[in-house]
Amino acid sequence: MTRFACRAAPLLALATCLAAVPVHAEEADATIIVTAPAATDAAEERASRTAGGTDIVSYEDYADKSVVSLRDTLAFSPGVYLQPRYGQEVRLSIRGSGLSRGFHMRGLTLLQDGVPINLADDNGDFQELEPIFFDHLEVWRGANALRFGSGTLGGAINGVTPTGRTAQGLYMRGDIGSFDSVRGLVSAGVASDRVDAWGAISADTSDGDRGHAKRRSRRFQGNVGLKLSEVVSTRFYASINSIRQELPGALTMAEALSTPRKANAAAVAGDQARDIDSLRLQNRTTLDWGAFTLDVGGFVNAKSLHHPIFQLIDQKSVDIGTFFRADYATGPVEVTFGGEIRRGSTDARQFVNSGGRRGALTFDADQKAQTATLYGEVRVRPVEVLTLIAGGVYADGWRKRTVNFSATPATDGRIDFDAFSPKIGLLFEPAADIQLFANYSRSAEFPGFGEVFQTVGIPPTSTVVSDIRPQRAWTAEIGTRGKLGFASWDVALYRSTLKGELLQFTTNSNIPAATFNAGRTLHQGVEAGLDLAATDWLRLRQVYTYSDFRFRGDAQFGDNRLPVVPKHAYRAELRLGSDALHIAPNLEWVPDGPFADYRNQVRTPGYVLIGVTGGATIANGIDAFVDIRNITGKKAIGDISAVIDARVNTGVTPAINPAIYYPVERRAVSAGIRARF
């Protein structure tokens, strides 16, 4: 039996077993996926009442792709900057949120089915958002994410899974591709008058497009809904993830542009990896009296992280939380009021990394965090075509650490934060399907454990950075969205003035990034999406992002541009054909790469990546698809971990040649089949 057959056999056996289970449900809508359009339509209706940048991405928008990460799902979401690092690890940024963070993510609220997956200190691993499960994703940029209690610069991304009512029947999907990649999904949904249930399992394995980048995952998602009365309904959710990812590490610029499949030598020697096991349980109960609705619920997230890098990080965390949201609508007035509290406890230990195994214990601490929000919004429609909006988010939180053991000096400590972020806006609809909007808002982001407790100095000392403070910003936004004839658009211009932006830079090759509050910085740009659908068989999708992020009169860096994000980025896809048979060439164009350092000494080169997807119906309810990426085999730099000065061999000792660059994805071909019953 071939290696592929060995890997695929468990998936095929599972799919065969589930296919044999009788499903007594109404036939699903005849589309390439099993989900019904009602859930997406409701999300789009909510977005259309928002006075700012929002976007709804349906599963159908990315069904022909080999879905590895959020980059594959949100590529055509205006204003979302996504660049690959390896496997499911990507740079995820909106309006420059967390742009200097060279690992994980910050500055965004990530949710699944409306419940945050961020930890209590607001950091998170977006690998736990598995887009292959979702009915659709909601992107709420900046202060437009107030409906989730988010007060971050970037906003919120909410992945919404199907239910037994929106995805009845059996659905199966299997992918194979380059680098010995195999991926499978099986889902099923059933519904009766008062009960519905949906569940899905997925499995994924790949050698990766670089050395030391193997990955595998096993996941389950499911939910059960109960209609207890004409007023009360409740839904229980469960999510289980087992994720194993080797880390190839960053390369020097010369290596990234000449030998992109290479792994960083230190990453190989330390067998660096990020292994996650997590269990998430949540409930949402809705009381609906017509004009007044109330959602209440709670959640618990249990997570284990095995993460050998410069040392072996071993963390076990439990986060619990509760939330409520009340909506009242009468005539021209709508009111929303809600709140949330998250509290987490982490057993954080570190060991000497002995080839990916635990060596001597170097650090043991109990970390606790809490973040709580209260938010409200009033929408008044004085005339039919105009809506006035006012609201705000109050947030407070604390971070606390108790050190049980440390091989080097380390201190206990606690820091508290609070902030109020108001918002005003207006939505004007001069004609059917045409909207103009404007808003002015404040945002505040609290530091997480990594910013509050930092390892600094030689010899290293793990200390409480008592003067670290929240990042705050005022943002003005204007824009328009709508549809006219065969053209639909979504365009927003924003300008954010920040104080105390949380910036990070690599201090040396042996320890992670240090964090500081910058003085004044500026983030401004354009987020534009334009779709042209001249006929049923011809559609052109385009997104363009202009990003101007810079210091403002900084004592050290003057008015330098902030690194990592390029000034211009453009993506386009031309879809030719119908669901029965179609092909869609696409391109990604970065005319000039971003700076790699705060001193603006080194800029990465621009690039063009060309790909193509296609699909065809091969039988009733069965579709095939293909996804070819980077057809020309272009060698380019995708993401960067910023440093102070990225010049090579500047005359200092030892010589500088920073390994801070991640190459773009190599040429890859994948294909698969979807089937619904």
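## A nonpolar surface patch

A patch is made of residues with over 30% relative accessible area and no salt bridge, and nonpolar side chains are joined within 5 Å. In this predicted model, a nonpolar patch on the surface is formed by V378, V380, V383, V385, L388, L426, F428 and L436. Together these residues have about 550 Å² of accessible area.

Two or more residues of the nonpolar patch come from each of the elements β17 (357–383) and β19 (413–431). Strand β17 gives the most, with three residues.

One member, V380, may be considered individually. V380 lies in strand β17 and has a relative accessible area of 31%. Buried means under 20% relative accessible area and exposed means over 50%, so V380 is partly exposed.

## An enclosed strand

Is strand β3 (residues 89–94) enclosed or open? Six of its six residues are buried, so β3 is largely enclosed by the rest of the structure.

The burial concerns both faces of β3.

## The pairing of β2 and β3

Strand β2 (residues 80–86) runs antiparallel to β3, and six bridges join the two strands. Within this pairing, P84 stands opposite V90, a residue of β3.

The strands β2 and β3 form a hairpin with two residues between them. In this hairpin, G87 takes a positive phi near 50°.

How values were computed: Residues numbered from 1 in each chain as written. Predicted model: local features only at pLDDT ≥ 70, side-chain atom pairs only at ≥ 80, totals over all residues. Heavy atoms only, no water. Buried < 20%, exposed > 50% of the residue type's maximum accessible area, 1.4 Å probe, protein only. Helix = DSSP H or I, 4+ residues; strand = E, 2+ residues; numbered from the N terminus. Pairing = 2+ DSSP bridges. Patch = residues over 30% accessible without salt bridge, like charges linked within 9 Å, V, L, I, M, F, W, Y side chains within 5 Å. Areas by Shrake-Rupley, 256 points an atom, 1.4 Å probe, with all protein chains shown as cover. Salt bridge = Lys/Arg side-chain N within 4 Å of Asp/Glu carboxyl O.
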